[in-house]
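Please look through the structure below with its sheet and its surface in mind. The paragraphs that follow take these in turn.

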Amino acid sequence: MLRPIKEIFHSEDYPDLLAGINQLDDAAIWKLDEQRGLVITTDFFTPIVDDPTDYGLIAAANSLSDIYAMGGTPFLALNIAAFPPQLPVEITSEILLGGAEKAKEAGVVIAGGHTIQDKEPKYGLVALGFVPLDRILTKSGMHPGDVLFLSKPIGSGVIASAIKAKKIKPEDAEETIEWMKRLNRGAAELAVKHGALSATDITGFSLLGHAWEMAEASGVGLRFHFDAIPLYSNTDRLADEWCFPGGTFDNAEFFKSHITFPKKMKEEAQMILFDAQTSGGLLFAIPPEKADECEKSAARKNIPLWRVGVVTESKRIEVI
């Protein structure tokens, strides 16, 4: 039988560890003093696009996203990479340069790292950030009546699968690639400014999978309006062809029992909501009295944002 790590590390023995053992949060937080916490996370994955620079840009944006999801500001990172020995040095350089470019955009310095040999390329970052203790975002802070906002469309798993299967033209995939390269910095600033207590970034567990984690941690339910959820171009068409990555099927199998769908909703549409994302947007909950101002602020600052649902008392997730 597998033993959970928390049988070895007990949270009461580490009072300065504010997140990281018992909670299903996106990053660990260590209390530095009475004002600040240190946010620590890591993420890396295999290529999902053909261009090595884009791969580095996406991987770095994805790695930094967990810092933003906790309400923090990243400042330092280390590369973590695995490359086949036969991979041309020009390609590995472009991957690392892409990561460095995105890190610099975020105000982050990459101060080294570690690389090993492997059969398949893998790249990402170990990232550190600071967060004021009075603005930490967790998955457990939602309350009934809170309004749910999403900062990027979904469907990147569908598009990435289509790229690998040659089912989409490069120019038709460019929109999704540009979104995956986008930092979640602006969305995180909006969330904190308008009173959010709960947030997560949408990645491999899908929109509904990560939403369920938030609902479970907060002891609430969620109601999503399907027509309000933004999709990347071509997602509908490719979903009808069942062009999904393997992780999407795993998500559906694991989370579907927690979700209520409309009786007439196509299975392909349901699967989109289970689609395993890469470098997805933030999902966060804003108190209802501040939701309209959050939308107005996003529009003024040209930060993409969609109102996709509401927090309920039902203890379930429903899609209507």
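Helices (H or I, at least four residues) and strands (E, at least two) are taken as DSSP runs and numbered from the N terminus. The model is a predicted one, in which local features need pLDDT of at least 70 and side-chain atom pairs count only at pLDDT 80 or more, while totals for chains, interfaces and linings use all residues. Residues are numbered from 1 along each chain as its sequence is written, and side-chain values use heavy atoms, with hydrogens and water left out.

A salt bridge here is a side-chain nitrogen of Lys or Arg within 4 Å of a carboxyl oxygen of Asp or Glu. Asp51 lies in the loop that runs between strand 3 (36-45) and helix 1 (52-69), and its relative accessible area of 37% makes it partly exposed, a class that falls between buried (under 20%) and exposed (over 50%), with a 1.4 Å probe and protein chains only.

A nonpolar surface patch is formed by Ile8, Phe9, Tyr14, Trp30, Leu32 and Ile40, which together have about 530 Å² of accessible area. Phe9, in the segment before strand 1 (17-19), is partly exposed at 39% relative accessibility.

Turning to the sheet, 7 strands form an open arrangement in the order 8-11-7-12-9-13-10, with mixed pairing, where pairing requires at least two bridges found by DSSP. Strand 8 (198-201) and strand 10 (259-260) are the edge strands, each pairing on one side only. Strand 10 pairs with strand 13 (residues 317-319) in the parallel sense over 2 bridges, and Thr260 has Glu318 in strand 13 as its bridge partner.

Methods. Patch = residues over 30% accessible without salt bridge, like charges linked within 9 Å, V, L, I, M, F, W, Y side chains within 5 Å. Areas by Shrake-Rupley, 256 points an atom, 1.4 Å probe, with all protein chains shown as cover.
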